[in-house]
Amino acid sequence: MNDRLLKSLGEKLQEARKKSGLTQDQVAKILEINKVQLSYYETGAREINITLLQELANLYGYSVGYFLGDEKKSEPEVEIAFRADEFCEEDWETVVFAKTFLRNLCEMRALLGR
């Protein structure tokens, strides 16, 4: 990955996390990664593997293509309002499932012209 792509990817990751109302601490805990590691990804200082990128995309309600694609292209945002302070691991799995389901539904409707 070149520096420009890493920087763009990092900015999108940070923006998606903030729009989701999550802190780096919360995301690190949910995905069982180090907060510093997440910070490196968000600043574009380190490459991210595709598996972790998919997990972050699912958590934030975006496709992987959004993070790797053209900066000008946007996609429907999936937002779910909740209070995350008291969530347990199972709650986060449900949130990720719901966001992934809704994103896929939006993509299918767009493909069908609805």
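In the predicted model, helix α4 spans residues 50-60 and includes I50. The relative accessibility of I50 is 53%, and this residue therefore counts as exposed, the cut-off being over 50%. Together with M1 and L68, I50 makes a nonpolar surface patch of about 270 Å².

Confidence in the prediction averages a pLDDT of 85 over the protein, with 86% of the residues scoring at least 70. The highest confidence is found in helix α3 (residues 35-43), at a mean of 97, whereas the lowest is found in helix α6 (residues 89-112), at 82.

Aromatic contacts were examined next. A search of the whole structure identified 4 aromatic pairs. In one of them, the ring centres of Y66 and F67 are separated by 5.2 Å and the planes meet at 75°, so the arrangement is edge-to-face. Both partners are buried: Y66 has a relative accessible area of 15%, and F67 has one of 0%. A stacked pair is formed by F97 and F101, with a centre-to-centre distance of 6.4 Å and an angle of 20° between the planes. These two phenylalanines belong to helix α6, where a spacing of 4 residues places F97 and F101 about one turn apart. F97 is exposed, at 59% relative accessible area, while F101, at 47%, is partly exposed.

Note on methods
Residues are numbered from 1 along each chain as its sequence is written. This is a predicted model: local features need pLDDT of at least 70, side-chain atom pairs count only at pLDDT 80 or more; totals for chains, interfaces and linings use all residues. Side-chain values use heavy atoms; hydrogens and water are left out. Patches are made of residues with over 30% relative accessible area and no salt bridge: like charges are joined within 9 Å, nonpolar side chains (Val, Leu, Ile, Met, Phe, Trp, Tyr) within 5 Å. Accessible areas come from the Shrake-Rupley method with a 1.4 Å probe; for residues, only the protein chains shown count as cover. A salt bridge is a side-chain nitrogen of Lys or Arg within 4 Å of a carboxyl oxygen of Asp or Glu. Buried means under 20% relative accessible area, exposed over 50%, partly exposed in between (1.4 Å probe, protein chains only). pLDDT is the predictor's confidence in each residue, from 0 to 100. Rings of Phe, Tyr and Trp (its six-membered ring) pair if their centres lie within 6.5 Å; planes under 30 degrees apart count as stacked, over 60 as edge-to-face and the rest as tilted.
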